[in-house]
Structures are given as structure tokens and as C-alpha cells.
Amino acid sequence: MGPGVQVVAIDPSAAFRKAMRMWLPRTAVSVDAFHLVKLGNDMLTEVRERLAQQVHGRRMPP
């Protein structure tokens, strides 16, 4: 028998990670590129909005 599943690319939700750890405990988990970029963009948006609030005293327009 071969080595089995070695790496799985998943959505970075806690539910998926928990299921992976339960059913495939020795499998490496990787976040797929789409979700990785989305997480980065969400963080940049959060920082921009916080800075706009601090500097201008208001939220940025959508």
C-alpha cells in the first residue's frame, strides 16, 4: 500500500481543519491560493478602515 494522503488543500475554516485532524491526523494541511489571497485582502481592508477611522474620524466609503 502507498503512503496515502500526504497534503490536503482546504478552506481555512475551523470546521474543515477539525475534520482533517480527526480523520487524517498525519496529513499536512495547506490553504488553497484563492482563500489565502482573500484572507490577505480582508486584512488589508481591515487595516485601511481602521486607519481611515483614526485619521479622518470616519469610515471609508464602500
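**Exercise 1. Which residues make the nonpolar surface patch of about 450 Å²?**

Before you start: this is a predicted model, where local features need pLDDT of at least 70, side-chain atom pairs count only at pLDDT 80 or more, and totals for chains, interfaces and linings use all residues. Residues are numbered from 1 along each chain as its sequence is written, and side-chain values use heavy atoms, with hydrogens and water left out.

*Solution.* 
- Start with the rule: patch residues have over 30% relative accessible area and no salt bridge, and nonpolar side chains (Val, Leu, Ile, Met, Phe, Trp, Tyr) are joined within 5 Å, like charges within 9 Å. Areas come from Shrake-Rupley with a 1.4 Å probe, and for residues only the protein chains shown count as cover.
- The members are Val 5, Met 22, Trp 23 and Leu 24.
- Now check Val 5, which sits in the segment before strand S1 (7–10). Strands are DSSP E runs of at least two residues, helices H or I runs of at least four, numbered from the N terminus.
- Val 5 has 47% relative accessibility, so it's partly exposed (buried is under 20%, exposed over 50%, partly exposed in between; 1.4 Å probe, protein chains only).

**Exercise 2. Find the salt bridge and locate it in the fold.**

*Solution.* 
- Take the criterion: a side-chain nitrogen of Lys or Arg within 4 Å of a carboxyl oxygen of Asp or Glu. That gives a count of one.
- The partners are Lys 38 and Asp 42, at 2.9 Å from N to O.
- Both belong to helix H2 and are four residues apart, so about one helical turn separates them.
- Lys 38 is partly exposed at 41%, and Asp 42 is partly exposed at 37%.
- Helix H2 (residues 33–56) has the highest confidence, with a mean of 90, while S1 has the lowest, at 86 (pLDDT, the predictor's confidence in each residue, runs from 0 to 100).
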